[in-house]
Structure formats: structure tokens, C-alpha cells
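Subject: Structure handover

Hello,

Here is the structure you asked for. Please open it beside this email and follow along.

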Amino acid sequence: MVEGGDVMEANVEARPVIRVQTAATAEPKESPEAAQHELKMTARNVNLWYGEKQALFDVNLDIFDRSVTALIGPSGCGKSTFLRCLDRMNDVIEGVRFKGDITLDGQDIYAPQVDPVQLRARVGMVFQKPNPFPKSIFENVAYGPRIHGLAKSKTDLEEIVVKSLTKAGLYEEVKDRLQESGTGLSGGQQQRLCIARAISVDPEVLLMDEPCSALDPIATARIEALMEELKESLCIVIVTHSMQQAARVSQRTAFFHLGKLVEVDETAKIFTNPTDVRTQDYVTGRFG
Ligand code: ADP
Ligand code: MG
């Protein structure tokens, strides 16, 4: 499946799906639903190499605002690599070469004048393993707003911290111990703290790389409920190895295989009636 012929085949198949099946074209512009599904990010012909090894092949994807896009596919197929392209996190990995176009609100995020640090305030990331700073709960959330100059006063900053923790569904559990270390929280609480930290700088896009894979089912359910709320005002892209999770939380699902985006569509369609046989095989558990 890795020879050149397959590369061509994947591209030819993936592109029409992207053009034809977008929510934006499926709905009249003036409907409230259409307004909720404005194009937020686009990826065009994204290729990426780690040294000599190519990890992404001509990936094309439209990502819509105020909705959840799930990236699924077998381990090693390039999901995390692609996610990291969306906030230029691959820039910091030595030996990485990127080719292609990625836009945020129509602007090229790889343009020379774009500051990756500023970009990452607009496009936040939550990782697989909760990674709070070894600092207080308060400081974990206050850090971003402080370095980005979002608070004019101490009261301002406190307000942002409380608001972010509340949005992340954690405030009630930690309000009496904001000065205690973030690393002392349970795994699920740590992950919600990382979400609070990510949303404290008011990002437009939230990238989540298997955010629940280290969590128990109850903590997972809390994060999923949170995503449901956050997507009312945010664009969310989640990598998940759980097809059940993709089905529960996302409106659109993209299936990756061997570094190629095989198929993207409405989530229900991907799981019930996919176009590509490789998607079919994966969602029915024939490989992965
Ligand atoms: P997924 O998230 O779908 O499991 P990844 O994006 O992590 O896949 O990996 C895609 C491919 O790129 C794999 O073959 C992986 O080994 C390789 N890869 C990922 N990160 C690096 C890296 N930092 N250096 C070299 N190769 C990498
Ligand atoms: Mg991964």
C-alpha cells in the first residue's frame, strides 16, 4: 500500500469528498446553521518529512468553526503530525520539512511574518498526557494571559483565571486551593486544568491530541461534555484512537491511513456508509 500508485489514488479520492461534502456548501448561506459552520482552517497539499521519511502526503482538509472535527486512523498514520501542523508545533522538531498551505481565517499561518508564539495563542493545544506546569493551579492558568498581556490588573487576571477554570468545569473542585500545585490534582482534573490553561488566552481553535487516553471513563465523560460546550464558541480538532469517542463528540471525521487523508465527511456517514473501502475496513474493525 505504500507504492506511488496508492498515493495518487488517495489524492484523487480524497479531494472530491472535501469539495462536495462541506457543511458550508450543503446549507444555504443565510441559515443559522451555515453561520455556525464557517470555514476556520484549511489545509492544502500538506506534505511533511521527518528527515528522509515522509509522514504526510498531500493532505487536504477543511475545518469548520464551532464544531468538532475528529481525526482517526491506525497508530502511526500521521494524525498527531497533522495536528501539529495546525499550530506549527512541528517547527520545533529538528529535521522536519513542511510543504503545503494551511490557513486560519484565510491567512497563511506559515507566512514569514507570522509569529508562531502568537499563532499558538489563537490555536491552542491539549496533549495526551496532562502536563500542568509544576506551579500552582492559579499560576498554570494565569501564565498565558500574563505573557500575552491580556490582563490590565491583578483583578483582571484573577477574573480570567476564574472564568477559564469555570469554563473548563474545574472551578468548583479547586476554588479553595488555587495556590496548591497543579500536579497534585487527579489525572482528569489535571487535564481539565490544561484545558483551562489553553482557553485562558481565548483561542479560536483548540487542538486536542488523544486528550482522554490517560483518563478513566468518568473523567473522559467530563472532557467530552466539556467539548460539547466549548464547541459552541470554538473550533475543535481532536485526535482520538476511540471510534466511539469520535462518533460521540464530532460532527465531521477525517480518516487517515499511511500518512494520507483517505476520506473526510460528516461523522455519521463515515461510520455508517463510508465511500472508501479502507475507511470501511477500519471502522468495522478489520484493521487498526
Ligand atoms: P499517529 O499520531 O497517527 O499515531 P504520528 O503522527 O505520531 O502518528 O506519526 C506518523 C509517522 O511519523 C510515524 O511513522 C512516526 O513514527 C513518525 N514520527 C512521528 N514523530 C516523529 C519524530 N519526532 N521524528 C521522526 N519520526 C516521527
Ligand atoms: Mg498520535
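Helix α6 buries I137, N140, V141, A142, G144 and P145. A residue counts as buried if 20 or more other C-beta atoms lie within 10 Å of its own, as exposed if 12 or fewer do, and as partly exposed in between; the C-beta atoms are placed from the backbone. Helices (H or I, at least four residues) and strands (E, at least two) are DSSP runs, numbered from the N terminus.

This is a predicted model: local features need pLDDT of at least 70, side-chain atom pairs count only at pLDDT 80 or more, and totals for chains, interfaces and linings use all residues. Residues are numbered from 1 along each chain as its sequence is written, while chains are lettered from A and ligands numbered from 1 in the order in which they are written.

Back to α6. What do its buried residues pack against? They pack against α7, α8 (171-174) and α9 (187-199).

Take the α7 partner. Two packed helices are described by the angle between their axes and the distance between the axes. The axes of α6 (residues 137-147) and α7 (residues 154-167) come within 9 Å and cross at roughly 115°. Axes here are lines fitted to C-alpha atoms, for helices over the stretch in contact, and angles run from 0 to 180 degrees between N-to-C directions. From α6, the contact uses F138, V141, A142, P145 and R146. From α7 come L157, I160, V161, S164 and L165. Two residues are in contact if their C-beta atoms, placed from the backbone, lie within 7 Å. By class, this contact has eight nonpolar, one polar and one charged residues. Ala, Val, Leu, Ile, Met, Phe, Trp, Tyr, Cys and Pro count as nonpolar, Asp, Glu, Lys and Arg as charged, and the others, Gly among them, as polar. After α6 comes G149, with a positive phi near 65°.

Two other residues have a positive phi. Most residues other than glycine have a negative phi. D202 has a phi near 60°. D202 sits in the loop between α9 and β7 (205-209). D202 is partly exposed because 17 other C-beta atoms lie within 10 Å. E210 has a positive phi of about 45°. E210 lies in the loop between β7 and α10 (217-230). Is E210 buried or exposed? E210 is buried, because 21 other C-beta atoms lie within 10 Å.

Next, the ligand. Around ligand 1 you will find Y50, A55, G73, S75, G76, C77, G78, K79, S80, T81 and I93. A residue is near a molecule if its C-beta atom, placed from the backbone, lies within 6 Å of it. Which helix gives the most to this shell? Helix α4 (residues 79-85) does, with three residues. The shell has four nonpolar, six polar and one charged residues.

L71 belongs to strand β3 (residues 68-72). L71 counts as buried because it has 28 C-beta neighbours inside 10 Å. Beyond four places in sequence, its contacts are K79, F82, L83, V237, V239, A254 and F256. L71 and T240 are 169 residues apart along the chain, yet their C-alpha atoms are separated by 6.5 Å.

Now the whole chain. The protein chain has 13 helices and 10 strands. Of its 288 residues, 41% count as buried. The mean pLDDT is 89, and 87% of residues reach 70 or more. pLDDT is the predictor's confidence in each residue, from 0 to 100. Over residues 1-31, pLDDT stays under 50.

Best wishes
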